[in-house]
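Please bring up the sequence and the model on your screens, and keep them in view while I talk.

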Amino acid sequence: MDAAINIQSEYFESDLQVAYQTLDAEMESLRRMRGRLDRSFSRAVDIMLGAQGRVIIVGMGKSGLIGRKIAATLASTGTSAFFVHPGEAFHGDLGMIRPIDVALLISNSGETEEVLRILPFLEHRKNPIIAMTGGLRSTLARYADVVLDVGVEREACKNNLAPTSSTTNTLAMGDALAVALMVRRDFQPEDFAQFHPGGSLGRRLLTRVKDVMHKAPLPVCASDTPFREVVNVMTAGRLGLALVMDEKILKGIITDGDLRRAFERHESMKNVVAEQIMSRQPLTIQPEVRFTEAEALMNKNEISALVVQNQQGDVLGVLQIHGLKHQVSAL
């Protein structure tokens, strides 16, 4: 084990240098691509946004892998899209492409045979064609309605062979399209959650206060409850707080912090009652509010709990931030 570690450590500096060079090369390629952006990009967004059908992404090899990711990103951000493998297209998958669909074809050279074979079909069906290519004078570029230049001067690969900088450019261009479409559509976090109900982010965005609040029995005491009994109520409730209520009307809240401050203010707790140590007018929230909004409210006010009330002022529960993220993720 030690020998293996020592052998690996011999290459530490050189490995880092290769990593730096690779990242620098890819960042430079992105910077150059950024400088070439023009009205073609906005035109591509117009075409995709105006499509009555879907966006069909086609690519071969590494471009195909990037195409799958672009399709997934588009689909999850409000643009109906899916990937079609060009090799499978001629064995029945062409039937998946309708005349109302937009074709986004990816080829670094613009001369990928499997991709070019689809062009006559698309031209015959009058499908709008958006090309992502580095071959601006290629066959693909000539057929396309819009060309997005993702070309690179050279790959980050030492031998200028393995698709590295070119795939990074293509992936980034796909992300740029997806984000531009999101902005045009005013795509909101709630919309994103609709497409990601199974993920932790989607669950957080869709979860409402009523789904995760602590419900009855709640730790409740009256305004005139003696200090010792208040502590017993808080201990039994296991929420680190007690609600002070008279005739079902919320008067205040007592937290662990209130207890500590009470000890600082009072020499003796013998005659102290709940009303003297509670925090008056505690922040409240309604049960239908999204969890993310409640979380933001608690963070803003640097508190860990909210009292949940309905519009009539009835206390329905308590929302606590501690442990809630795990609870929401497990829903």
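This is a predicted model: local features need pLDDT of at least 70, side-chain atom pairs count only at pLDDT 80 or more; totals for chains, interfaces and linings use all residues.

Let me begin with the largest pocket, which has a volume of about 400 Å³. It is lined by 21 residues, and the closest to its centre are Ile253, Thr255, Ile303, Ser304 and Ala305. When we sort the lining of the largest pocket by class, we find eight nonpolar, eight polar and five charged residues.

Helix 14 covers residues 256-265 and helix 13 covers residues 227-237, and their axes come within 12 Å and cross at roughly 155 degrees. Angles over 145 degrees count as roughly antiparallel, and therefore helix 13 is roughly antiparallel to helix 14. The crossing of these two helices, helix 13 and helix 14, is left-handed. On the side of helix 13, the residues to look for are Phe227, Val231 and Met234, and they meet Asp256, Leu259 and Phe263 in helix 14. Of the residues in this contact between helix 13 and helix 14, five are nonpolar, none is polar and one is charged.

Let me now turn to the second largest pocket, which holds about 180 Å³ of space. There are 14 residues in its lining, and those nearest its centre are Met60, Lys62, Ser63, Asn108 and Pro163. Helix 4, residues 62-76, and helix 9, residues 165-185, each supply at least two residues of this lining, and helix 9 gives the most, with three residues. By class, the lining of the second largest pocket has three nonpolar, nine polar and two charged residues.

How do helix 4 and helix 9 pack against each other? Their axes are 10 Å apart, and the angle between the two helices is about 15 degrees. Angles under 35 degrees count as roughly parallel, and so helix 4 and helix 9 are roughly parallel to each other. Helix 4 passes helix 9 in a right-handed crossing. The contact involves Lys62, Ile66, Lys69, Ile70, Thr73 and Leu74 of helix 4, together with Thr167, Thr170, Leu171, Gly174, Asp175, Ala178 and Leu181 of helix 9. Sorted by class, this contact of helix 4 with helix 9 has six nonpolar, four polar and three charged residues.

Finally, I would like to show you two places in the backbone. In the loop between helix 12, residues 209-212, and strand 6, residues 220-221, you will find Pro217, which is joined to Ala216 by a cis peptide bond with an omega of about 0 degrees. The other place is Arg238, in the loop between helix 13 and strand 7, residues 241-246. Phi of Arg238 is near 60 degrees, which is a positive value in a residue other than glycine.

Terms used
Residues are numbered from 1 along each chain as its sequence is written. Side-chain values use heavy atoms; hydrogens and water are left out. Axes are lines fitted to C-alpha atoms, for helices over the stretch in contact, and angles run from 0 to 180 degrees between N-to-C directions. Helices (H or I, at least four residues) and strands (E, at least two) are DSSP runs, numbered from the N terminus. Angles under 35 degrees count as roughly parallel, over 145 as roughly antiparallel, 65 to 115 as roughly perpendicular and the rest as oblique. A crossing is left-handed if the near helix is turned anticlockwise from the far one by less than a right angle, and right-handed if clockwise. Contact means heavy atoms within 4.5 Å. Ala, Val, Leu, Ile, Met, Phe, Trp, Tyr, Cys and Pro count as nonpolar, Asp, Glu, Lys and Arg as charged, and the others, Gly among them, as polar. On a 1 Å grid over the protein atoms alone, a cavity is a set of points where a 1.4 Å probe fits but cannot get out, and a pocket is an open set with protein on both sides within 12 Å along at least five of seven lines; lining residues have an atom within 4 Å of a point. Grid points are joined across faces, edges and corners, and a volume is the space filled by probe spheres set on the points.
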